[in-house]
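Open the model in your viewer and follow the selections below. Each stop says what to pick and what is there.

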Amino acid sequence: MRLGDLMTKHGSDKDTWHNYCDIYESLIKRPTKLLAMGIGYKSKGGSLKAWADFFPHAEIYGADIDKRLLFETDRIKTFWCDQGDPSSIEKMWDEIGPVDVIIDDGSHLLRHQLIFFKCSFRHCRQYFIEDVLHENRKRLLRLAGGEAFVLDHPTNNLDNNLIYIANESSHLAR
């Protein structure tokens, strides 16, 4: 089943007007561990459930500041994390350890995206930042240093940009 179909089945908006699923399918290959920052108050973890279905052998992690959204299944574990607080982020990484993929779909505030990136990039091979405001793209891309690019949305360039950063220097790089 397509990733987009699974996202829709579980109530996530990632295959609606965001249209990120085709990009994810082409770039993410058989991760063993995936973390999504932002669980989703509308779908109540829908994207985490879709990731678990799409990658049946991967451990799926989610993090959110809203404790009411936290849940656990046999393959999904969620953590409380304040995306704007480095100590909270480091505590989460102490529990999870390194991952293959990070998807930042958290608060969408630039300062939170910057803090989370600075604290998290060394823990992954692939890093995605969703729903980036057009005016924030350059600042976020400067942090990347390595291979990074913006995937523009054809009809909503205001806040529907996806940034992808490959971490070739990661000890996880294959």
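A search of the whole structure finds ten aromatic pairs (Phe, Tyr and Trp rings, Trp by its six-membered ring, with centres within 6.5 Å). This is a predicted model: local features need pLDDT of at least 70, side-chain atom pairs count only at pLDDT 80 or more, and totals for chains, interfaces and linings use all residues. Numbering starts from 1 along each chain as its sequence is written, and side-chain values use heavy atoms, without hydrogens and water.

Select Tyr24 and Trp51. Their ring centres are 5.4 Å apart and the planes meet at 65°, so the pair is edge-to-face (planes over 60 degrees apart; under 30 is stacked, the rest tilted). Tyr24 sits in helix α2 (residues 21-27) and Trp51 in helix α3 (residues 46-54), 27 residues apart.

Next, Tyr61 and Phe79. The centres lie 6.1 Å apart with planes at 35°, so this pair is tilted. Tyr61 belongs to strand β2 (residues 59-64), Phe79 to strand β3 (residues 76-80). Tyr61 and Phe79 are buried.

Now widen the selection: Tyr20, Tyr24, Trp51, Phe54, Phe55, Phe128 and Tyr164 form one aromatic cluster.

Conventions:
Helix = DSSP H or I, 4+ residues; strand = E, 2+ residues; numbered from the N terminus. Buried < 20%, exposed > 50% of the residue type's maximum accessible area, 1.4 Å probe, protein only.
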